[in-house]
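Reader: I am new to this structure. Please take one part, the salt bridges, and go through it closely.

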Amino acid sequence: MSYSFIVRADNKEAAKAGVVAELAKIVEAQAIHAKDREQAEGAAFAFIDLLADDETKVIQVNVHGSVSWSGDANAPDISGAAVGVSVHYAMREEPKATEDEAA
């Protein structure tokens with residue numbers, strides 16, 4: 001089972017909260033990921049914490065992961081696991097002008 005998501009947030013704490021929320025959705029949809037949730041969260045948090053503070057930009061966190069297993073889905077034997085995390089600052093998106101504002 002695999003997953004992938006992107007979180008954009010104004011600061012580190014909001015980015016971490018976004019990761020927690022997205023991983024909760026993953027576990028709800030794919031219960032097997034309860035097995036690697038803590039590791040994925042820890043990896044994302046570690047990379048978020050590496051960033052210098054920059055209030056002029058937003059933080060973008062990309063996370064993808066997978067697990068493979070054998071046996072009973074209720075008591076699986078994990079046979080493989082992976083997580084990938086990238087974290088970087090991105091420009092804040094400018095609000096799009098409405099037709100009235102553009103005229």
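Author: Asp53 counts as exposed, at 67% relative accessibility (exposed means over 50% relative accessible area, buried under 20%, partly exposed in between, with a 1.4 Å probe and protein chains only). The model is predicted, so local features need pLDDT of at least 70 and side-chain atom pairs count only at pLDDT 80 or more, while totals for chains, interfaces and linings use all residues. Residues are numbered from 1 along each chain as its sequence is written, and side-chain values use heavy atoms, with hydrogens and water left out.

Side chains of opposite charge can pair when their charged atoms come close. A salt bridge here is a side-chain nitrogen of Lys or Arg within 4 Å of a carboxyl oxygen of Asp or Glu, and by this rule there are five.

One of them joins Asp53 to Lys12, with the closest N and O atoms 3.3 Å apart. Lys12 is in helix 1 (residues 12–29) and Asp53 in the loop between helix 2 (37–50) and strand 2 (57–70), so this pair links parts of the chain 41 residues apart (helices, H or I of at least four residues, and strands, E of at least two, are DSSP runs numbered from the N terminus). Lys12 is buried, at 18%.

Another bridge pairs Lys16 with Asp49 at 2.7 Å, N to O. Lys16 belongs to helix 1 and Asp49 to helix 2, so parts 33 residues apart in sequence are tied together. Lys16 is buried at 13%, whereas Asp49 is partly exposed at 44%.

Lys57 and Asp54 also form a salt bridge, their closest N and O atoms being 3.5 Å apart. Lys57 is partly exposed at 24%, and Asp54 is partly exposed at 22%.
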